[in-house]
Amino acid sequence: MTATEGPAAAGGEGPETADGDVPGRSRGDTVAAVVRQWRAVHPGLDTGPMEVIGRINRCAALLQQAEDAPLRRAGLTRPEFDLLGALRRTGHELTPSELARETFSSGAAVTKRLKQLTERGLVERRGDTRDRRVAHVRLTDSGRDLVDGILPAQLAYETAVLSGLDGPELGELAALLGELLGQLEGRLGALRA
């Protein structure tokens with residue numbers, strides 16, 4: 001797709017307006033303004049990837065800035081909740097390295113979070129009977145109750161964040177993002193190996 005064709009030609013949604021916007025699409029997002037600026041200085045530039053990746057990055061940044069109210073009220077950060085959630089949804093003990101893989105975190109970050117969660121009585125560690133270097137982590141009853149209490153409120157909060165999209169749009173977006181994520185995990189995972 002060339003910059004002059006824009007996303008309309010690829011998506012079949014019709015021609016762009018003179019300022020590069022596709023009729024029926026939001027003109028108010030910041031990425032659209034960035035794309036218009038790039039097109040002004042590089043008219044032949046294919047900005048299609050920027051339009052997708054830029055919007056994903058901007059959405060992620062905004063979602064991270066908007067603190068999760070239910071988590072904040074419980075005194076948890078999103079990464080701490082992700083650790084607790086991994087232990088709850090898997091239903092069994094995990095090692096710190098398994099938790100790092102489950103939560104896409106570094107080992108050092110997991111160690112720090114586990115220390116804080118242990119001090120709060122939400123998780124407990126036990127040593128491996130065969131290898132003293134290995135620890136196994138599990139939720140305490142308090143940790144399990146906290147996750148079970150927060151999860152419905154957190155999902156309601158996330159539903160409110162996405163309330164501008166209707167059911168079919170949300171399903172389509174989830175499917176497209178799932179397809180992209182699967183491709184990236186395969187491609188980038190192979191590059192790291």
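Which residues in H5 meet which residues in H7? In this predicted model, Pro79, Glu80, Leu83 and Leu84 of H5 meet Val110, Arg113, Leu114, Gln116 and Leu117 of H7. By class, these contact residues divide into 6 nonpolar, 1 polar and 2 charged. The axes of the two helices, H5 and H7, come within 10 Å and cross at roughly 80 degrees. Angles of 65 to 115 degrees count as roughly perpendicular, and H5 and H7 are therefore roughly perpendicular to each other.

**Helix H7 and helix H6**

Helix H7, which spans residues 107-119, also packs against H6. The axes of H6 and H7 come within 9 Å and cross at roughly 110 degrees. These two helices, H6 and H7, are therefore also roughly perpendicular to each other. On the H6 side the contact is made by Pro96, Leu99, Ala100 and Thr103, and on the H7 side by Gly107, Val110 and Leu114. The contact of H6 with H7 holds 5 nonpolar and 2 polar residues, with no charged residues.

**Helices H2 and H3**

Another helix pair consists of H2 (residues 30-41) and H3 (residues 48-65), whose axes come within 9 Å and cross at roughly 145 degrees. The crossing of H2 and H3 is right-handed. From H2, the residues Thr30, Val31, Ala32, Val34, Val35, Trp38 and Arg39 take part, and they meet Met50, Glu51, Gly54, Arg55 and Arg58 of H3. This contact of H2 with H3 comprises 6 nonpolar, 2 polar and 4 charged residues.

| Helix pair | Axes come within | Crossing angle |
|---|---|---|
| H2 and H3 | 9 Å | roughly 145 degrees |
| H6 and H7 | 9 Å | roughly 110 degrees |
| H5 and H7 | 10 Å | roughly 80 degrees |

**The second largest pocket**

Helices H5 and H6 also contribute to a pocket. The second largest pocket contains about 420 Å³ of space. Its lining consists of 14 residues, and Arg78, Phe81, Asp82, Gly85 and Arg89 lie nearest its centre. Helix H5 (78-90), helix H6 (96-103) and helix H8 (141-161) each supply at least two residues of this lining. The largest share, 7 residues, comes from H5. Sorted by class, the lining of the second largest pocket has 7 charged, 5 nonpolar and 2 polar residues.

How values were computed
Residues are numbered from 1 along each chain as its sequence is written. This is a predicted model: local features need pLDDT of at least 70, side-chain atom pairs count only at pLDDT 80 or more; totals for chains, interfaces and linings use all residues. Side-chain values use heavy atoms; hydrogens and water are left out. On a 1 Å grid over the protein atoms alone, a cavity is a set of points where a 1.4 Å probe fits but cannot get out, and a pocket is an open set with protein on both sides within 12 Å along at least five of seven lines; lining residues have an atom within 4 Å of a point. Grid points are joined across faces, edges and corners, and a volume is the space filled by probe spheres set on the points. Helices (H or I, at least four residues) and strands (E, at least two) are DSSP runs, numbered from the N terminus. Ala, Val, Leu, Ile, Met, Phe, Trp, Tyr, Cys and Pro count as nonpolar, Asp, Glu, Lys and Arg as charged, and the others, Gly among them, as polar. Axes are lines fitted to C-alpha atoms, for helices over the stretch in contact, and angles run from 0 to 180 degrees between N-to-C directions. A crossing is left-handed if the near helix is turned anticlockwise from the far one by less than a right angle, and right-handed if clockwise. Contact means heavy atoms within 4.5 Å. Angles under 35 degrees count as roughly parallel, over 145 as roughly antiparallel, 65 to 115 as roughly perpendicular and the rest as oblique.
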